[in-house]
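Student: I would like to learn how to read a few features of a protein model. Please take them one at a time.

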Amino acid sequence: MSPPAERPRRRRRVPLPLLRTGGILALVLGSILGGVAATTLFPTSVDTLNYGADLRLSANPADLGTIQSPTVFGDIHLDFAGPVPAPGVIAEVQVKEHITDLLARPNISISSLQPGPLELERAARDAGIGLALRFAGGALAVTLLALAAYAAWARRRPRASRLGVAAACWVVACAVTFASIGLGYRPERLDRFTTTGILGAVQRNADLLAGVETRAEQTTPYLKNLLALSAALQDKYSPQVLGKPVAARLLLVSDIHGANQYPLMKTIVAEEDVDAVIDAGDLVNFGTLAEAQAAGVLDGIRSLGVPYVFVKGNHDARASSDTELLRALAKIPNVVLLEPDDDSYTVQSIGGVRIAGFNDPRWFGDDNRDNAAKQKAPAARFAAAMQDLAPPDVLVAHEPGAVDAIDQKSGVKVHGHMHVDQLEGNTIGVGTFTGGGAFSHFLQAAKDEELTGQPSAFDIAAFGEDCRLNSLTRYQFRNVIEGRPAYDDVTLINGSRIESTLPPVPTPAGTGTTSTPAAPRTCSADLPPTTERVAAPPR
């Protein structure tokens with residue numbers, strides 16, 4: 001007798017509600033992609049008096065929350081921090097032909113070429129309507145294709161309920177996209193305004209055209225037009241805080257490494273209306289005063305004409321007890337040492353903005369091991385000295401491990417050492433102003449390749465009358481040592497994205513933290529600089 005035949009096993013079916021939910025989500029996503037594709041295939045054209053632009057949405061996830069305008073002289077990027085991701089917008093700008101005749105006239109300036117507010121409003125409205133219509137049409141086309149595919153598969157017309165679901169998916173796709181764009185691309189949500197290439201070389205932060213027009217007159221007419229358009233875009237999208245009065249403008253530099261580029265720094269101080277320079281250390285390479293004197297670094301600092309606030313780096317001494325360079329700096333009238341000796345710290349006030357910090361305990365030639373751990377004792381000693389004072393608005397140390405050891409939520413923390421600009425929370429890592437100096441400027445190159453120099457960098461931190469950071473403008477340039485200076489980019493960052501608005505939480509003393517909440521204060525450019533000495537606790 002043959003054994004009974006086995007019953008075929010049933011395949012597990014995907015639950016119907018889950019299948020329907022997946023199909024709905026796929027249709028919504030497909031409709032969104034179809035709408036974006038439609039704006040790419042059929043760009044929206046808008047015009048002002050002197051300019052035109054073709055706009056489209058970007059399907060690249062990396063472009064979410066950005067408005068970009070690529071040009072042959074560099075790119076303009078506006079990054080927004082919206083509540084929900086919005087599709088990126090790409091605007092390809094054209095200059096109208098009649099601009100050549102305008103440029104032939106005398107006394108034509110950038111301001112006269114700049115689109116007015118009404119022009120921009122009209123262009124933005126036309127762009128919004130055009131993109132919306134194209135997106136809706138593309139999304140509808142995908143929805144109809146999906147219904148046709150379903151009808152061909154089921155061999156019958158879709159029921160009314162399915163038509164209703166498809167229509168709802170189309171409405172949701174449009175509503176989500178339009179809402180994300182409307183909520184995300186608002187002036188108060190601007191996070192960064194970045195320019196690259198030649199545009200970056202002449203970009204300025206809050207007052208974009210201050211000092212730019214003279215340089216632009218020496219460049220091509222096309223560049224002049226791009227600057228005008230860039231100015232109009234920033235005027236449109238700059239966060240309101242950037243227009244507030246500035247109490248102090250601080251130039252942040254680090255890692256000079258014995259390269260005397262102080263004539264360049266002096267020019268920056270003058271052109272950017274800098275009130276003080278903050279140097280996060282590594283003034284020399286080998287820890288000797290003779291190196292600083294031979295390079296003319298001390299005379300360069302003296303020539304700046306503004307306070308030069310300094311903390312020692314790991315290349316600024318030859319032993320833990322070596323203070324030769326600090327003693328020489330202390331004799332320069334405009335130098336402020338934040339830790340002048342073992343017995344005290346300095347709190348320097350610029351326009352009411354309070355600056356404090358401490359030296360690197362390391363020296364040139366130390367064992368270079370457990371460097372972050374070496375910063376904990378100096379950080380705890382500094383915190384103990386400052387425990388009865390409000391936290392400084394700017395905390396300065398040389399190494400990242402030093403500022404990380406101070407648990408300070410308010411204000412900003414500034415360090416150097418890494419030779420690259422960094423930004424994490426309220427911690428600002430300043431790049432090397434001189435590209436690492438002559439001895440460490442060139443990076444290791446592969447065989448048969450030209451040596452590559454480290455980029456140079458500096459930051460301008462603008463503080464408002466509430467003593468908080470209004471904006472941070474980051475400049476990166478290269479080839480100064482090679483004699484071919486060129487800007488890489490300029491980035492404007494909204495200070496509210498960096499500095500927390502929450503006051504510090506009281507914590508026990510002696511834990512490497514600041515313990516006194518900051519009381520509301522008023523800063524002003526009219527306040528004279530002040531210096532306060534704070535006694536250091538015994539070692």
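Student: What should I know before starting?

Tutor: This is a predicted model, in which local features need pLDDT of at least 70 and side-chain atom pairs count only at pLDDT 80 or more, while totals for chains, interfaces and linings use all residues. Residues are numbered from 1 along each chain as its sequence is written, and side-chain values use heavy atoms, with hydrogens and water left out.

Student: What pLDDT does the chain average?

Tutor: pLDDT is the predictor's confidence in each residue, from 0 to 100. Here the chain averages 79, and 73% of the residues score at least 70. Over residues 201–224 the pLDDT is below 50, and this stretch has 54 contacts (heavy atoms within 4.5 Å) in the model beyond near neighbours in sequence. Residues 501–517 are also below 50, with 33 such contacts.

Student: Which cysteines form a disulfide?

Tutor: A disulfide is a covalent bond between the sulfur atoms of two cysteines. The rule used is a pair of cysteine sulfur atoms within 2.5 Å, and by this rule the count comes to 1. Cys467 and Cys523 form it, with their sulfur atoms 2.0 Å apart. The pair links distant parts of the chain, 56 residues apart: Cys467 lies in the loop between β19 and β20, and Cys523 in the loop between β21 and β22. Helices (H or I, at least four residues) and strands (E, at least two) are DSSP runs, numbered from the N terminus. The link is right-handed, with 110 degrees about the S-S bond.

Student: Are Cys467 and Cys523 buried or exposed?

Tutor: Both are buried, meaning under 20% relative accessible area, where exposed is over 50% and partly exposed is in between (1.4 Å probe, protein chains only).

Student: How many aromatic pairs does the structure hold?

Tutor: A pair of aromatic rings is described by the distance of the centres and the angle of the planes. Rings of Phe, Tyr and Trp (its six-membered ring) pair if their centres lie within 6.5 Å; planes under 30 degrees apart count as stacked, over 60 as edge-to-face and the rest as tilted. The structure holds 9 such pairs. Phe358 and Phe382 have ring centres 5.2 Å apart and planes at 40 degrees, so this pair is tilted. Phe458 and Tyr475 are stacked, at 4.6 Å and 10 degrees.
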